[in-house]
Amino acid sequence: MKKLFFSMLGLFILYFVLSGILFLFRGNTLYQYEIMNNGNAITVEEKRHSKTKTTNEYYDFKLKLGKTSYQFRLWKEDLKGYQHFIQDIKIEKTNKYQCYLPIFKDNEVLIDMVCKEKDSGILYPYHQIRLNDTKLDSIVDKKYLKLLKKFMPQTDGMTEKEQLNVSNTLPDIMSKMGMSTYRGLTIINQKGEIKPITLFSSDHYEQNIHAFVGDYYFVANYDEEYDFQELYIVNLKTEKVDKVTMPVKISFDSYIQGVVGNRIYIMDCSNRIQYYFDFEDNLMHKCNNEDGFIQFYNGKNFENRNIYDALNEKLYFVRSSIQRNSENEFVEFDKTSNYYYLWKREKDNYQVYRSLDDTFEQMTYLFETSSKFVLYLEDGVIYQQGNDIWYTSDVTGSKKILENKELEFNDTIIYGIIK
């Protein structure tokens, strides 16, 4: 009897070990179940996407009620458990919007209520349309305001430090943020503490030869005149500053054409020479170009271009993320999140939308900005709006990170983050 007991126990242990191994190494999976809402069945599809070289594990959700459907994405670290995450779905309708609020395990509200505009079919996080529909606002105030308040645009909790208004904490997804200054660089940590790093002895208002690449900030020594032979490399993680002295002098009449891999490409207009700085060896290299030509990155490959294309006006490389481009709009694909972003120009600003695929049959409005420079993160975007830098994501809503009064008037100020 005892032998039988231990045999059964061993089989149970083996079963659970094998089940755990199969679970850990499972591929993409699809779960489907139903939730009843006022007598109507809502079909929920959960599609698990396993971790890859560029993306972490995430889930795509699709809610189907009759002919109406709504899709969204969440990352594994925001979810509890392994499947059947949604317990309930709240649905509210007005003449203008139909809104969905998924309720997850343990009655958690992980994302803002999302509302589909009936005329356009565009999805809006509720915090983006508050005050647009008095009937919807009254419903939210009565039923959901406590649950949704955390997603509303947050501009409080700011402290003035070193001529910046900085949030008391950075979003969890970033560990540090760097912003260029007239004398060097400011680094902000997770607690909102800042450290100014002085690189120059005087203010330099216009800086074109600087960039954030990975964990590093690269900038020419602007204390030199006409030409520079020195540049600074700042490690954002360690805050260590290295000075690099080059064997050649490069004119300040230069500009950065783009970053490809670990290389920054610089066009020296005065001397008609194209260079690249390689972070692998921390050296500046002269590009091996044919006479009268330079290297141009078209988003996929390098090709030869006439040097005068880069001298007559600034010739910037095409970002590899660009999928489609026209005069008034362009589409970008972010490989870290597998989201597609649509930028539509309206006068001096862009309206930015997001989609789970490149058809944009269902797209979500995100924000308005006058700057084409943004940082895409897994479930969010860091962007500029006037003097302010904002972070918006499904699980946090919209949060202001900092305010810099110089941003609106100086487009050579740049910023970067490390995770």
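Below is a chat about the predicted model of this chain.

Me: What kind of model is this, and how are the residues numbered?
Reply: It's a predicted model, where local features need pLDDT of at least 70, side-chain atom pairs count only at pLDDT 80 or more, and totals for chains, interfaces and linings use all residues. Residues are numbered from 1 along each chain as its sequence is written, and side-chain values use heavy atoms, with hydrogens and water left out.

Me: What's the average pLDDT of the chain?
Reply: The average is 91, and 93% of the residues score at least 70. pLDDT is the predictor's confidence in each residue, from 0 to 100.

Me: Where does the pLDDT fall below 50?
Reply: That happens over residues 14-26. Beyond near neighbours in sequence, the stretch has 6 contacts in the model, a contact being heavy atoms within 4.5 Å.

Me: OK, new topic. How many helices and strands are there?
Reply: The chain has 5 helices and 33 strands. Both are DSSP runs numbered from the N terminus: helices are H or I with at least four residues, strands are E with at least two.

Me: And how much of the chain is buried?
Reply: Of the 419 residues, 47% count as buried. Buried means under 20% relative accessible area, exposed means over 50%, and partly exposed is in between (1.4 Å probe, protein chains only).

Me: Which residues touch the most other members in the largest nonpolar core?
Reply: Those are Ile-209, Phe-218 and Met-284, in a core of 34 residues. A nonpolar core is a set of buried Ala, Val, Leu, Ile, Met, Phe, Trp, Tyr and Cys residues joined through side-chain atoms within 4.5 Å.

Me: Which strands supply at least two residues of this core?
Reply: Among them are S12 (184-189), S14 (210-213), S15 (216-220) and S16 (227-235). S16 gives the most, with 5 residues.

Me: What does Met-284 touch?
Reply: Not counting residues up to four places away in sequence, its contacts include Phe-218, Leu-231, Met-246 and Tyr-275.

Me: What about a second core, which residues are in that?
Reply: It's separate and has 25 residues, including Val-109, Tyr-126, Leu-342 and Met-363.

Me: Where is Asp-253?
Reply: Asp-253 sits in the loop between S17 and strand S18 (254-260), and at 43% relative accessibility it counts as partly exposed. Its C-alpha atom is 9.2 Å from that of Asn-208, and those two residues are 45 apart along the chain.

Me: How about Asn-235, buried or exposed?
Reply: Asn-235 counts as buried, at 15% relative accessibility. It's in strand S16, and its contacts, leaving aside neighbours within four places in sequence, are Asp-215, Tyr-216 and Lys-240.
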